[in-house]
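Trainee: I am new to this structure. Can you take me through it step by step?

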Amino acid sequence: MLELAILGFLAENPLHGYQLRHRIEHLSGHTRPVSDGSLYPAINRLVSAGLLERRTEPGASAARRHTLSLTKAGHRELLCRLRDAKGLDISDGTRFFTVLAFLSHLPDIADQHAVLRRRLEFLEQPASFFYDGERGLGADDTDDPYRRGMLTIARATSRAEKAWLREVLA
């Protein structure tokens with residue numbers, strides 16, 4: 001998802017590495033912090049693959065700054081990753097939000113809707129955090145107030161997301 005976020009933000013405009021890191025951190029939140037040890041190797045992989053271009057510019061002080069921009073191949077890769085989002089890109093909420101953040105870059109609304117339908121199909125499958133044998137437990141099935149809270153919040157979030165997906169797909 002880090003590479004998708006890099007490609008997505010650079011599809012909007014060229015950025016310096018620290019600007020890119022700042023935007024990715026805001027998108028992913030505090031649950032998945034972005035370290036220099038993961039960001040810069042990802043950038044280097046994308047540059048080596050011909051998906052990004054790095055331009056060196058003079059900095060405000062003696063240090064030079066690198067401006068990153070998306071190549072045509074990088075734009076094609078972004079569209080491919082968005083169009084083909086499945087598996088964890090659909091089932092993991094944070095990863096799906098990264099896909100969702102850049103989904104408007106797909107020019108074909110049918111491709112956008114196909115991704116949204118995959119997410120809706122996933123959300124409509126019965127699931128729980130806790131089980132009694134094979135039976136998923138709901139908020140009403142537990143006396144533990146914290147588990148009940150988790151299940152209540154998850155149910156409300158899922159209902160809201162499904163309602164939004166149905167509205168967009170209608």
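**Helices, sheet and single residues**

Mentor: Start with two helices: G17, Y18, L20, R21 and I24 in α2 meet D36, L39, Y40 and I43 in α3. To meet, or be in contact, is to have heavy atoms within 4.5 Å. Helices (H or I, at least four residues) and strands (E, at least two) are DSSP runs, numbered from the N terminus. The model is predicted: local features need pLDDT of at least 70, side-chain atom pairs count only at pLDDT 80 or more, and totals for chains, interfaces and linings use all residues. Residues are numbered from 1 along each chain as its sequence is written, and side-chain values use heavy atoms, with hydrogens and water left out.

Trainee: How do the residues of the contact of α2 with α3 divide into nonpolar, polar and charged?

Mentor: Ala, Val, Leu, Ile, Met, Phe, Trp, Tyr, Cys and Pro count as nonpolar, Asp, Glu, Lys and Arg as charged, and the others, Gly among them, as polar. The contact of α2 with α3 therefore divides into six nonpolar, one polar and two charged residues.

Trainee: At what angle do α2 and α3 pack?

Mentor: Axes are lines fitted to C-alpha atoms, for helices over the stretch in contact, and angles run from 0 to 180 degrees between N-to-C directions. The axes of α2 (residues 17-28) and α3 (residues 36-48) are 11 Å apart. The angle between these helices is about 120 degrees.

Trainee: Is L39 buried or exposed?

Mentor: L39 lies in helix α3. Leaving aside neighbours within four places in sequence, L39 is in contact with L2, I6, G17, R21, I24 and V34. Buried means under 20% relative accessible area, exposed over 50%, partly exposed in between (1.4 Å probe, protein chains only). L39 has 0% relative accessibility, so L39 counts as buried.

Trainee: What is the order of the strands in the open sheet?

Mentor: Two strands pair if DSSP finds at least two bridges between them. Strand β1 (residues 15-16) pairs with strand β3 (residues 64-70) over two bridges, in the antiparallel sense. Seven bridges join strand β2 (residues 52-58) to β3, again antiparallel. The order is β1-β3-β2.

Trainee: Why is one side of some strands left without a neighbour in the sheet, and which strands are they?

Mentor: Each of these strands has a single partner strand, because each stands at an edge. The strands are β1 and β2.

Trainee: Which residue in β3 is the bridge partner of L15?

Mentor: Strands of a sheet pair through backbone hydrogen bonds, either parallel or antiparallel. Here β1 and β3 take the antiparallel sense. R54 stands opposite a residue in β3, namely L68. The bridge partner of L15 is also L68.

Trainee: Which helix lies across β2 and β3?

Mentor: This helix runs at about 115 degrees to β2. The helix is α3.

Trainee: What kind of aromatic pair do F9 and F102 form?

Mentor: Rings of Phe, Tyr and Trp (its six-membered ring) pair if their centres lie within 6.5 Å; planes under 30 degrees apart count as stacked, over 60 as edge-to-face and the rest as tilted. F9 in helix α1 (residues 2-12) and F102 in helix α6 (residues 93-102) are 93 residues apart, and both are buried. Their centres are 5.0 Å apart, with 85 degrees between the planes. The pair is edge-to-face.

Trainee: Is L79 buried or exposed?

Mentor: L79 lies in helix α4 (residues 72-83). Leaving aside neighbours within four places in sequence, L79 is in contact with H105, L106 and P107. At 12% relative accessibility, L79 counts as buried.

Trainee: Is L88 buried or exposed?

Mentor: L88 is found in helix α5 (residues 88-91). The relative accessibility of L88 is 52%, so L88 counts as exposed.
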